[in-house]
Amino acid sequence: MSEPKSVLIIDDDSDFVKAIQTLLESSGYKVRSASNGRDGIQLAKNVQPDLMLLDVMMSERTEGFFVLQEIRRIHALHQTPVIVLSSIYSEDTVFRVDPQAGWLPANLFLAKPVDPTRLLSEVKRLTSEPADQRSSPAVGREKL
Amino acid sequence: MGAIPVSARENTVFVIDDDAIIRLSCEQILRKSGYTVETFANGHVGIERLKEVRPPLLVVDIKMPELDGFEVIKIVRKIDPEVVIVVITGYATIETAVDAMKMGAYDFLPKPFTPGELRMIIERGFERWRLARETQLLRQQKEEVERKFVTLVSHQLKAPLAAVKQYLDVLLFTGNAQLPAEAVEWISRSQARISEMLGLIQDWLMLAKLDRGALCDRNASSDIGKIAETVVHEYRQLPSVAPLTLTSEIEPGLAQARGDAVSLSMLVGNLVSNAVKYNRPGGEVKVSAGSDGGWITLKVSDTGIGIPDSFRPHLFEEFYRSKTPETQNIPGTGLGLVICKKIVDELGGSIGVESKEGAGTVFTVRLPKADVAGEVELAEPVGK
């Protein structure tokens with residue numbers, strides 16, 4: 001068996017983190033978490049996760065957006081897939097970010113609460129695809 | 001916006017009168033009462049200075065050579081709708097006073113007047129100005145509070161619900177096999193109720209945004225065909241939609257519709273959501289888009305349970321939901337169609353419905369094409 005993939009969750013809602021951590025660990029992922037942007041970036045630099053889950057509305061309302069831009073500036077994390085999570089939108093609202101919106105360089109946006117099946121399949125896809133086949137983080141495109 | 005700037009400006013009275021004696025006496029009387037006074041012998045000079053200083057109060061003589069008082073009022077009103085204007089009239093006829101009031105003057109002072117009369121009228125004018133400004137500040141604060149409330153509070157309402165639902169989702173996903181059947185059932189029910197509430201908060205947020213005019217963008221244009229196809233595609237992925245057939249039929253080369261992609265996605269999404277929810281196993285949902293003159297026509301039809309005639313008039317009312325044995329277990333907020341109607345109205349379009357109980361429903365939306373000079377054709381009549 002190969003080395004388990006690692007996922008970093010950056011979210012200030014400890015209940016949400018615990019639920020997602022349980023889900024990902026039950027599918028064999030190694031999960032770490034940080035409850036704010038600063039710790040999250042530091043941890044990301046240290047552990048170089050295979051994927052990051054990032055909340056956009058942490059205590060500093062738009063903190064997640066800045067975290068994401070900061071992450072993209074760090075060479076070692078430039079290609080790391082990032083899923084942005086938010087409860088601003090609900091599941092039946094079509095969460096669509098302009099594919100040209102380079103200001104939000106995420107690979108995928110998902111609404112909170114996230115469907116376990118959907119999350120697992122997206123995490124699997126993004127951690128197994130080679131970087132050049134993924135939807136480009138530079139343009140923050142959502143694969144539909 | 002925000003803090004009130006305290007300055008000499010707030011104490012300033014302008015006097016425009018061609019009569020030097022009136023100017024001088026006004027200046028002396030008002031200075032003594034603590035006002036800052038600037039006087040002008042003609043309207044042009046006074047108006048130029050008014051643009052810079054923005055005094056709260058203007059006293060202007062009606063009968064002047066060159067620019068008369070009426071013309072001064074007309075120009076000043078355009079520059080500053082808030083300045084309180086008091087007219088001085090030598091011919092104390094009711095007619096001239098009424099005319100001046102109609103043009104936006106607040107009060108009038110017949111010549112000759114005593115210092116006491118002048119002071120009283122000026123004091124009243126300032127009181128009026130302060131009240132108007134307080135009202136405006138309060139209105140701004142209220143709008144600010146509302147804006148913050150809908151964005152921040154709705155997030156704070158949703159976050160705990162999202163966390164609770166996330167626990168239940170994961171619990172059911174990871175422990176389904178070990179849990180007793182009753183636990184699975186109750187967890188599922190809890191999930192459904194939380195989803196209902198999340199949907200309600202979301203819809204309510206959208207309505208608040210729509211009411212504030214912060215959602216629809218009339219100047220944007222969108223490819224409604226592509227939006228319809230995307231929505232259909234997304235709905236096909238949902239497990240609950242599996243027993244239905246969803247199709248889309250888009251006229252090739254369809255023009256852009258007026259409106260931004262977010263509002264139009266919500267519009268199409270809500271209609272498709274209803275067509276799916278009020279359907280029957282094996283039923284169909286069809287979304288079609290085509291053009292019709294200056295309009296884009298979007299149709300969402302289903303082969304569902306239909307809408308009873310008695311419910312039809314209330315379809316676009318807030319929180320109105322049909323309660324029949326067939327529909328009572330269908331989740332919904334009662335706001336979906338209200339949102340659709342508001343979006344369509346905001347964009348200058350229309351929405352209609354045809355339905356036959358037991359056979360199905362067709363919602364038809366007409367939206368102006370983006371390239372049509374819609375303002376000419378659709379705008380409200382201007383003028384009297």
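Predicted model: local features only at pLDDT ≥ 70, side-chain atom pairs only at ≥ 80, totals over all residues.
Residues are numbered from 1 along each chain as its sequence is written, chains are lettered from A and ligands numbered from 1 in the order in which they are written, and side-chain values use heavy atoms, leaving out hydrogens and water.

**Aromatic pairs**

- Searching the whole structure turns up 2 aromatic pairs over all chains (ring centres of Phe, Tyr or Trp, with its six-membered ring, within 6.5 Å; planes under 30 degrees apart are stacked, over 60 edge-to-face, the rest tilted).
- Phe14(B) and Phe40(B) make a tilted pair, because their ring centres are 4.9 Å apart and their planes meet at 50°.
- That pair bridges distant parts of the chain, 26 residues apart: Phe14(B) is in strand S1 (residues 12–16) of chain B and Phe40(B) is in strand S2 (residues 36–40) of chain B. Helices (H or I, at least four residues) and strands (E, at least two) are DSSP runs, numbered from the N terminus.
- Phe14(B) is buried at 0% relative accessibility, and Phe40(B) is buried too, at 8%.
- Tyr35(B) and Phe126(B) are stacked, with 5.0 Å from centre to centre and 20° between the planes.
- This pair also links distant parts of the chain, 91 residues apart: Tyr35(B) is in the loop between helix H1 (20–32) and S2 of chain B, while Phe126(B) belongs to helix H5 (residues 115–175) of chain B.

**Charges over rings**

- Lys112(A) lies over the face of Phe16(A), 4.2 Å from the ring centre (NZ of Lys or CZ of Arg within 6 Å of the ring centre and within 35 degrees of the ring normal).
- Over in chain B, the charged end of Arg366(B) sits over the Trp295(B) ring, 4.6 Å from its centre.

**Nonpolar cores**

- The largest nonpolar core has 45 residues, and those touching the most other members are Ile224(B), Leu246(B), Leu267(B), Leu271(B), Val272(B) and Leu298(B). A core here is a set of buried Ala, Val, Leu, Ile, Met, Phe, Trp, Tyr and Cys residues joined through side-chain atoms within 4.5 Å.
- Elements giving two or more residues to this core include helix H8 (261–277), strand S10 (295–302) and helix H9 (336–346) of chain B.
- H8(B) gives the most, with 8 residues.
- Apart from that core lies another, of 22 residues, including Val7(A), Ala19(A), Tyr29(A) and Leu110(A).

**Cys340(B)**

- You'll find Cys340(B) in helix H9 of chain B, buried at a relative accessible area of 0%.
- Not counting residues up to four places away in sequence, Cys340(B) touches Leu267(B), Asn270(B), Leu271(B) and Ile351(B) (heavy atoms within 4.5 Å).

**Helix H2 of chain B**

- In helix H2 (residues 43–53) of chain B, the buried residues include Gly43(B), Ile47(B) and Leu50(B).
- The buried residues of H2(B) pack against S1, S2, strand S3 (57–61) and helix H3 (69–79) of chain B.
- Just after H2(B), Arg54(B) takes a positive phi of about 50°.

Notes. Buried < 20%, exposed > 50% of the residue type's maximum accessible area, 1.4 Å probe, protein only.
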